[in-house]
Amino acid sequence: MSTPLPIRPEVAQLMDIHPEVAAALAQGGPVVALESTIISHGMPYPQNVEMARDVEAVVRENGATPATIAVLGGRLKVGLTPDELELLATDKTVQKISTRDLPFTVALGGHGATTVASTMRIASLAGIRVFATGGTGGVHRGAGESMDISADLTELARTDVCVVSAGVKSILDIGLTLEVLETHGVPALTLGSGEFPAFYSRRSGFASPLTVQTEAEAARVLHAKWTLGLSGGVLLANPVPAEAEIPAAEITPQIEQALADMAALGLSGKETTPYLLGRIVEITGGRSLATNIALVMHNAAVAARVAAEYAGLQA
Ligand code: PSU
Ligand code: MN
């Protein structure tokens, strides 16, 4: 078994690691980080808290220990209790916090639901290398004007964590997102497909930069990257299961509608992704929520298997 990365003492003072997660890390066992923005700002209640519980169960069934990450009362939380999941799902004071917000929330003692970016950073501080989410942020459509490029990409550029997602939401510019990942040396791997997936849909029309056929191959890529001293993350794209997908031809006009509605409201910045996800649930009559939940479960199962394979390579 590998030795876990030492947590700097001054960081450990700000962090509460759930005993189950701490035990797994101490043994070099597989751990999968899970984010909390998807709970507090990505889905309605009560589906959000049900998803949060179910995704932890799926990680366990696939041989790893789940560590849902958030900031509560200014403390970095790695692994949550059922009551803490419920609080994230219901409390309206929980802010969506990305990397830029992390020091503020820690310093002022607030509650924060962590995005992919800030979850990656906290996972890395705790010594966790694999993380499952729904979809990753990216370059927003119209970013040439708005400069709206998710900090998820910045974090993938610099933090040594593998993010398993169903690709990049088609509310974003997928081609430009893949360009930015290439610029930053982030391997974008798709599991079992030559086409990069588009969150609700298996197909995006964009070729995947790289393809792996198994979780074991993905784990070998992580091991090779970090052994070579190539710091930064890996994006492992996992297409939504066929039976749960909304084909691109159906979802595209619905996404266009949501983008038009957002423009009419004049929303920008951190509000855009939560608004668009919620509006698409309304426009699709709830179908997109079922798809979102299904793809999160699928990503959690894959992430658990990648984490187990990676732990085996470290042993
Ligand atoms: N995937 C989902 N639902 C979500 C998100 C991802 O299925 O709510 C969240 C993630 O936390 C991601 C964030 O980091 O959306 C991106 O927000 P922004 O575009 O503001 O960076
Ligand atoms: Mn943004």
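By class, the shell around ligand 1 holds 5 nonpolar, 11 polar and 3 charged residues. Nonpolar here covers Ala, Val, Leu, Ile, Met, Phe, Trp, Tyr, Cys and Pro; charged covers Asp, Glu, Lys and Arg; the others, Gly among them, are polar.

This is a predicted model: local features need pLDDT of at least 70, side-chain atom pairs count only at pLDDT 80 or more, and totals for chains, interfaces and linings use all residues. Residues are numbered from 1 along each chain as its sequence is written, while chains are lettered from A and ligands numbered from 1 in the order in which they are written.

**Colour by confidence.** Mean pLDDT (the predictor's confidence in each residue, from 0 to 100) is 96 for the protein chain, and 98% of its residues reach 70 or more. The model has ipTM 0.95 and pTM 0.97.

**Select ligand 1.** Around it are 19 residues, each with its C-beta atom, placed from the backbone, within 6 Å. Thr 37, Gly 42, Gly 134, Gly 137 and Ser 150 come nearest. Helices H3 (37-40), H7 (116-126), H9 (151-158) and H13 (272-283) each give two or more residues to this shell. Helices are DSSP runs (H or I, at least four residues), numbered from the N terminus.

**Show the contact residues** (C-beta atoms, placed from the backbone, within 7 Å). H12 brings Gln 254, Ile 255, Gln 257, Ala 258, Asp 261 and Met 262. H13 brings Thr 272, Tyr 275, Leu 276, Arg 279, Ile 280 and Ile 283. They divide into 7 nonpolar, 3 polar and 2 charged.

Note on methods
Contact = placed C-beta atoms within 7 Å.
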